[in-house]
Amino acid sequence: MTDDEDTDVTGWQRGAHAQTLATPSRSRLRWILLALTPILIGTAFVIALPHVQEAIVVVRALGSTALIAAGAASLAEAVSLTAASRATQILLHPAGPPFRHVLGVDLMAQGVRSIMPGGAATSAGVRITLLQRLGVTSSAAASAATTGVVASNLVLSAIFLLGLALTAGSAGSPIVDGAATMVVLLVLASIIGVWLLLRKPEKVRDAAVRWTRPVRRVLHRPTDRTVAEYVDALGTGLGRLRSPPLAGALLGWVLLNWTADFTAFVLMVSAAGAHVPWQVSLLTYGLVNILATIPVTPGAIGVVEGAAIASLHLAGAPTAVALVGVLGWRIVEYWLPLAAAVVATPMVLIATRRRPARSSSRGTLGTLRWRWRPRRWLHGHRSFPPHRTVHRR
């Protein structure tokens, strides 16, 4: 073994030791998030409890039209999930696995996000690990995951701002106005960050490592190297989007993903009898999905329901009707994809065992081989990629 390899192994052992020392703090954070989950869910249940009897009456009064709407909403949700996987496949092209495997990976990542705290970070860690096991290089998997999240969030922000602009003539709310201001600032900051990343990637990487260090010292995660590699992966993905056909195809599939999910939302809310202007529905949909990006509870359970019901009630819908409509939408948007993830998981795991992982050809990653370690990515991607095992030559 050469001196370089010995240095690499020693450095990795030091990093593993540091992660071991930081484990109690990460465990405390994870337990705090898990403790908040039943509290928020319980709060939402207590608020909705007085309207349960009325909601039961609303459900009993639903006719066959509601069943047709539910079927159409389920179909729209299937289109939404398929469009999201098509966007992922575009980012992986031409080295990506078959579409059925990409769809299975996305369903599995969605399922983990629905039952584990951590939000998009947990989902991205799962997606990166599984794509590597399907033969995608670590750099390509990371680039696809990070770029996909950024593109999806930008389109979601545009949907919210469009809904806000269309309802500008209505009576404003301080909460909505405050949220709109924050979204506008975040969108502007994102646009400036993307421009700087494409022009001066080294300075952006150094700035990201330096500015996030105080927060990461408190959370003990992620490491400086992880942040730098994420920025590099995002820069690589955004650099590919300089091609107009590729950028247009990606934004088209991402827009179809959100549009189909919004269609499912409108169908379920309308089937319950909540007849509100579609502009208000668009604003409500954008707001609750932005709140869902905050990784407080798994799948934003309790947060999405409470915000959507309150927003529809302020728009004039009876609380019981809004409750039935929102819970119906969450069945097709949250629980059905979770069931699909349970079905897809064995098939994805079988596919990952049949195809050995492909190592990256750049940097020190060329000397590493990836091994399946489920417990690593279930708790979020502590390292980037999630786990490494060095084999001495």
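A salt bridge is here a side-chain nitrogen of Lys or Arg within 4 Å of a carboxyl oxygen of Asp or Glu. By this rule the count comes to 5 salt bridges. The model is a predicted one.

**Salt bridges between helices**

- Aspartate 106 forms a salt bridge with arginine 127, and their closest N and O atoms lie 2.8 Å apart.
- This pair links distant parts of the chain, since aspartate 106 belongs to helix H4 (residues 99–115) and arginine 127 to helix H5 (residues 120–133), 21 residues apart.
- Aspartate 106 counts as buried because its relative accessibility is 9%, under the 20% cut-off.
- Arginine 127 is buried as well, with a relative accessible area of 14%.
- A salt bridge also joins arginine 213 to aspartate 224, with 3.1 Å between the closest N and O atoms.
- Arginine 213 lies in helix H9 (residues 213–219) and aspartate 224 in helix H10 (residues 224–240), so the pair ties together parts that are 11 residues apart in sequence.
- Arginine 213 counts as partly exposed at 28% relative accessibility, and aspartate 224 counts as partly exposed at 32%.

- Glutamate 333 forms a salt bridge with arginine 330, the closest N and O atoms being 2.9 Å apart.
- Both residues of this pair, glutamate 333 and arginine 330, are in helix H14 (residues 319–354), where they stand 3 residues apart, about one turn of the helix.
- Glutamate 333 has a relative accessible area of 14% and is therefore buried.
- Arginine 330 is buried, with a relative accessible area of 4%.
- A network of salt bridges links Glu305, Arg330 and Glu333.

**Helix H13**

- Helix H13 covers residues 303–314, which makes 12 residues.
- From its first C-alpha to its last, H13 reaches 17 Å, close to the 16 Å expected at 1.5 Å a residue.
- Buried residues of H13 are Val304, Glu305, Ala307, Ala308, Ile309, Ser311 and Leu312.

**Helix H4**

- The end C-alpha atoms of H4 are 25 Å apart, which agrees with the 24 Å that its 17 residues should span at 1.5 Å a residue.
- H4 is largely enclosed by the rest of the structure, because 12 of its 17 residues are buried.
- The buried residues of H4 include Phe99, His101, Val102, Leu107 and Met108, together with Asp106, the partner of arginine 127 in a salt bridge.

**Patches on the surface**

- A patch of positive charge on the surface gathers Arg199, Lys200, Lys203 and Arg242.
- Within that patch, lysine 200 has its place in the loop between helix H7 (174–199) and helix H8 (201–211).
- Lysine 200 counts as partly exposed, its relative accessibility being 45%.
- Leu75, Val79, Trp253 and Leu256 make a nonpolar surface patch of about 330 Å².
- Helix H3 (64–92) and H11 are the elements that give two or more residues to this nonpolar patch.
- Leucine 75 lies in helix H3 and is exposed, because its relative accessible area is 58%, over the cut-off of 50%.

**Pairs far apart in sequence**

- Proline 277 is in the loop between helix H11 (244–272) and helix H12 (278–292).
- At 44% relative accessibility, proline 277 counts as partly exposed.
- The C-alpha atoms of proline 277 and threonine 167 are separated by 9.3 Å, while the two residues are 110 residues apart along the chain.
- Alanine 272 is found in helix H11 and counts as buried at 7% relative accessibility.
- Alanine 272 and valine 59 are 213 residues apart in sequence, with 7.6 Å in space from C-alpha to C-alpha.

Key: Residues are numbered from 1 along each chain as its sequence is written. This is a predicted model: local features need pLDDT of at least 70, side-chain atom pairs count only at pLDDT 80 or more; totals for chains, interfaces and linings use all residues. Side-chain values use heavy atoms; hydrogens and water are left out. Helices (H or I, at least four residues) and strands (E, at least two) are DSSP runs, numbered from the N terminus. The expected span of a helix is 1.5 Å times one less than its number of residues. Buried means under 20% relative accessible area, exposed over 50%, partly exposed in between (1.4 Å probe, protein chains only). Patches are made of residues with over 30% relative accessible area and no salt bridge: like charges are joined within 9 Å, nonpolar side chains (Val, Leu, Ile, Met, Phe, Trp, Tyr) within 5 Å. Accessible areas come from the Shrake-Rupley method with a 1.4 Å probe; for residues, only the protein chains shown count as cover. Lys and Arg count as positive and Asp and Glu as negative; His and the chain ends are not counted. The place of a charge is taken as NZ of Lys, CZ of Arg, CG of Asp or CD of Glu.
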